[in-house]
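Here is a friendly walk through a structure, starting at an interface and ending at single residues. Have a look at the model before reading on.

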Amino acid sequence: MPIASLAPLPLHQLTFTRVDDELVPAWFSDRDRPWLRDLLQEAQAFVGRPVAELLSRWRRSDDDPRAGRRLAPAQRVLLQWLQPPSSRLEHTKMRQELFAAAANGASRREALATVATSHARASDDLMANLFADLPHARALVWPKPAPSPSDLAIAINRCLAQGMLRTAHRAELQLVGCARTVLRTAWLHATNLVVVAAAATHVQLRWQCPEGDARAARRLASLVPLLPWARDFELRAACRLRGTSGTFVLTARDAILPGPEPRAFDSALERHFANDFLALAHDWELLREPAPLVCGSQLAFPDFLARRRSEQTGWWIEIAGLRDRSVLPNKLALLAQEPNYVLCLPRHLVPTALLGHAGIVAFTHRVHAEQVLARLSQPPQRRL
Amino acid sequence: MVTDTTTILLTEGELRLRGWPSDVVPPFGLVAAGAELRGPARLRRRARHALVASARPFCDSITPSPLAPDECPPTPLPPPSTLATWLASDSEGLVAGLPERERIDLVLAAAHQTKARTLLVVRDSGAETVWRRALRERGFSTMTNDEGACALAITSAGDAAHSMHWRAHRHDLLVVDRPEQMPAPTVHAVLDGSAALHRLGLVDAHGLARVGEWSAGLGTLLAVAAVDSSPRRLHLHLPLSTTERADYETAWHTFLCAFDAFAAAQPNAGFGTFIQQARRDDSQRPALFAWHRALRVASYNAAKAAACAELIERHRGQRLLLFAPDRASTYELSRAHLIAPVTAELPRRERTDTLTAFATGRLRALVGPRLLDLGVSEGSADVGILIGGGFGEAQQAARVRRIATTGIVYQLVAQDTVEVGRAHRFARTPAAASTDVHPRR
């Protein structure tokens with residue numbers, strides 16, 4: 001199973017303590033590595049065998065005294081990691097056709113032959129794999145790269161954090177970087193994240209569980225794998241679980257397994273510019289997808305924020321290849337609104353009236369970092 | 001004289017009363033927290049009664065919107081006889097022993113009379129499937145209206161217990177079907193978490209002994225229906241093979257050695273205490289495994305497999321339900337006889353489709369462990385085979401009720417094992433006949 005698909009821990013396996021009003025999870029850490037290593041070794045001996053055999057072995061063996069109550073969540077997460085994705089739809093179809101054929105009076109041989117042929121399988125193979133998609137029958141697979149005890153610990157932490165968040169009814173998220181990715185993912189998942197405040201380097205988002213929506217908190221929890229890709233974040237969620245209420249706090253300092261890496265850049269233009277700029281401007285820092293800008297009734301996501309290391313304020317930089325030319329007016333509106341905004345446009349698409357505009361850097365094949373740097377070195381001025 | 005109005009609120013699943021009159025005794029279970037009284041949501045009803053009795057004004061912010069005329073369920077005619085009793089006891093109480101059809105009638109009639117949005121809590125997804133199908137056949141949809149509030153919502157007990165903090169104020173009639181088949185903590189979480197004014201519990205006759213457990217949340221026992229005639233029952237005593245007998249005796253001996261020592265040391269402790277201790281005690285745990293091993297051998301073995309094959313062949317073409325002891329035997333029987341299984345491991349959609357196919361006659365046989373207990377309608381099969389295992393009298397009675405009164409139930413019992421005593425203990429009526437059987441192999 002890809003690590004992106006690890007499910008949150010269920011309520012009864014969440015381990016936490018309540019300190020003042022904060023719910024502090026019992027994070028897995030380096031001190032758990034010894035028994036996690038033993039757990040991995042034990043599971044590795046069952047590779048290629050059905051899950052049910054490993055489960056049976058775990059049920060019968062003595063609990064590791066080093067693990068205590070944390071053994072069950074660790075086993076659960078490890079099992080998910082070791083199971084391959086199932087071909088559930090195909091197997092369901094096979095079963096339904098087979099039992100329907102038998103119910104209609106077909107003999108065993110006829111029913112098997114008919115269904116096996118329609119699924120391009122041999123009859124013996126069909127019967128042997130009739131329930132192969134079910135959890136008890138799936139064979140364990142050792143992932144590549146092989147998980148280490150530390151990997152397992154931070155994977156469990158992620159599942160623990162997601163499990164806690166599934167009980168949330170409101171949350172606040174402060175994000176530095178990766179804002180567009182998080183907001184786009186939240187929009188795709190129908191997670192109702194609202195921008196409350198946006199500064200140059202960070203954005204503050206708020207989430208409130210809609211009335212009667214039992215799955216809203218799960219959708220919020222699905223954002224957790226993205227958060228480690230931000231430069232910094234702090235998520236505070238009001239949670240209610242097992243009769244206790246409190247605030248669960250998740251920050252960039254908590255060790256959780258990041259999800260699949262989001263694309264670092266949207267295009268080669270951006271990638272080349274970032275590399276060139278950082279090579280040239282040693283006393284500047286470049287932050288990717290810093291925070292959204294409010295432009296009218298919409299949000300705009302500049303590609304970069306550049307600022308000198310000693311300064312608080314910076315410059316927004318947008319590199320627009322303009323595959324869709326209808327967005328040009330929006331970008332020009334932003335240019336008029338923000339004094340600290342540099343817009344890089346293909347030379348042949350710059351409106352004639354704006355050639356020579358102080359906030360526009362025209363390029364042909366590549367955005368020249370020294371031209372942009374020259375613009376940034378000028379004082380900001382109100383334009384248009 | 002200005003009388004303050006008491007406000008009744010629900011916050012994060014907890015009942016809160018503000019401005020409670022100082023001269024009115026609050027219902028037992030509410031505790032003072034600053035200027036408020038707080039307690040489980042179920043006390044809303046008692047709080048309202050106390051305020052009405054003392055003629056004090058109150059504002060109840062929890063009241064869900066009543067059903068619109070087009071949302072009201074059709075009322076069965078004539079109305080169920082138990083309806084009047086329930087309404088007379090202030091729309092709260094338990095009714096025992098009703099057959100499935102009359103349960104549905106009573107729930108629809110109660111919702112129609114009270115005009116209240118209803119939450120129906122059932123044991124599992126199998127029971128949920130049966131209720132949805134039955135209500136659809138009556139022309140009543142369980143879909144939500146435009147505002148997102150359901151006229152009649154059906155959910156499993158586990159889901160209800162987990163989500164009651166947001167469901168609590170969306171219904172005013174709580175119906176719990178077969179609480180005796182649900183874990184006690186789950187039932188209590190549902191009953192305490194619901195703020196419904198009207199409450200109805202539907203219990204099987206076997207659940208009468210536990211009625212007192214639910215009186216705080218569902219009211220008193222109002223009526224016990226007479227049990228209809230049951231299908232014919234036949235116990236078949238089957239021998240274990242030599243190997244199986246040796247396995248069973250060895251396992252049983254290991255278990256008894258530990259259990260006898262336990263019973264001698266703690267004569268007043270029950271088997272449940274032994275289980276709890278043995279789980280944690282390295283020296284006793286092998287005895288627990290041995291107990292399970294012995295049960296496994298007794299509940300499904302070569303003779304039972306052969307008996308199932310004979311019975312399936314004998315009753316080919318009839319509607320057949322096989323109640324297996326566990327998943328492994330379910331899949332084995334399914335493979336051997338091409339009978340559709342129903343287990344919790346299968347995808348939910350596939351399970352629902354299978355149960356619907358049986359209800360509509362497209363499938364004539366099903367095999368499964370617990371989901372079949374309530375997942376098929378009562379009286380929907382001609383033949384039932386209780387292969388082994390089971391959790392007690394209530395479960396066995398539920399299984400037998402799936403078989404039509406004109407049908408037959410075979411109970412397969414492993415000879416000279418713990419199953420013999422259990423079979424007689426759990427059967428509500430004595431078997432019509434019991435016989436030692438040596439099936440053809």
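The contact (heavy atoms within 4.5 Å) draws on 29 residues of chain A and 28 residues of chain B. In this predicted model, local features need pLDDT of at least 70 and side-chain atom pairs count only at pLDDT 80 or more, while totals for chains, interfaces and linings use all residues. Residues are numbered from 1 along each chain as its sequence is written, chains are lettered from A and ligands numbered from 1 in the order in which they are written, and side-chain values use heavy atoms, leaving out hydrogens and water.

Between chain A and chain B, about 2,400 Å² is buried, with 56% from carbon and sulfur atoms; this is the accessible area (1.4 Å probe) that two parts lose on being put together, summed over both. On the chain A side, Arg60(A), Phe99(A) and Phe131(A) lose the most area to chain B, together 24% of what that side buries.

The rule finds one salt bridge across this interface (a side-chain nitrogen of Lys or Arg within 4 Å of a carboxyl oxygen of Asp or Glu). Arg95(A) and Glu350(B) form a salt bridge at 2.8 Å, N to O.

| Residue | Relative accessibility | Class |
|---|---|---|
| Glu128(B) | 9% | buried |
| Leu208(B) | 31% | partly exposed |

Glu128(B) touches Val122(B), Ile154(B), Thr155(B), Ser156(B) and Arg348(B), not counting residues up to four places away in sequence. The C-alpha atoms of Glu128(B) and Ser156(B) are 7.0 Å apart, although 28 residues separate them along the chain.

Conventions:
Buried means under 20% relative accessible area, exposed over 50%, partly exposed in between (1.4 Å probe, protein chains only).
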